[in-house]
Amino acid sequence: MEELDGLSPENGGQSLCSDQDTENVASPGWAFLHKAIIAMVMGSLMSAVGAILFLLHSAGVTDVSCSVASACLSIGLVFVVMGLVWIPILKEKQRRRRLSQGFE
């Protein structure tokens, strides 16, 4: 099958999945924490939705089941705690990676 637009590696084009080491690219110091931060933000948002649903149910504004609000609150809190636990693990992993690269 032909390469699209003549961008084959033989013609000097770049592929989408390069074999180069992407960790050498300069990135902010907190970049390795992005997954934990995303988990904490999503957990906070889900907890907030659960709290809002619970308050709306308490005020009698909506017919939302109380179990839906409880589920949103508990799942959100699980994600927040998971992110909080994940951060020290990632920091230790990053520290060990730096130490191993320094001794080579």
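How many helices and how many strands are there in the protein? The protein contains 2 helices and 0 strands, assigned as DSSP runs (H or I, at least four residues, for helices; E, at least two, for strands) and numbered from the N terminus. The model is predicted, with local features requiring pLDDT of at least 70 and side-chain atom pairs pLDDT 80 or more, whereas totals for chains, interfaces and linings use all residues. Residues are numbered from 1 along each chain as its sequence is written, and side-chain values use heavy atoms, without hydrogens and water.

Of the 104 residues in the protein, 16% are buried (under 20% relative accessible area; exposed, over 50%; partly exposed, in between; 1.4 Å probe, protein chains only). Among contacts (heavy atoms within 4.5 Å) with a separation of 6 or more, 67% join residues 24 or more positions apart.

Apart from neighbours within four places in sequence, M40 is in contact with F79, V80, G83, L84 and I87.

S47 lies in helix α1 (residues 34-59). S47 counts as buried because its relative accessibility is 12%. Beyond neighbours within four places in sequence, S47 is in contact with C72, L73, G76 and L77. The side chain of S47 reaches the backbone nitrogen of L77 at 3.3 Å.

Technical notes:
A polar contact is a pair of N or O atoms within 3.5 Å; within protein, one must be able to donate a hydrogen and the other to accept it, and residues adjacent in sequence count only if both atoms are side-chain atoms.
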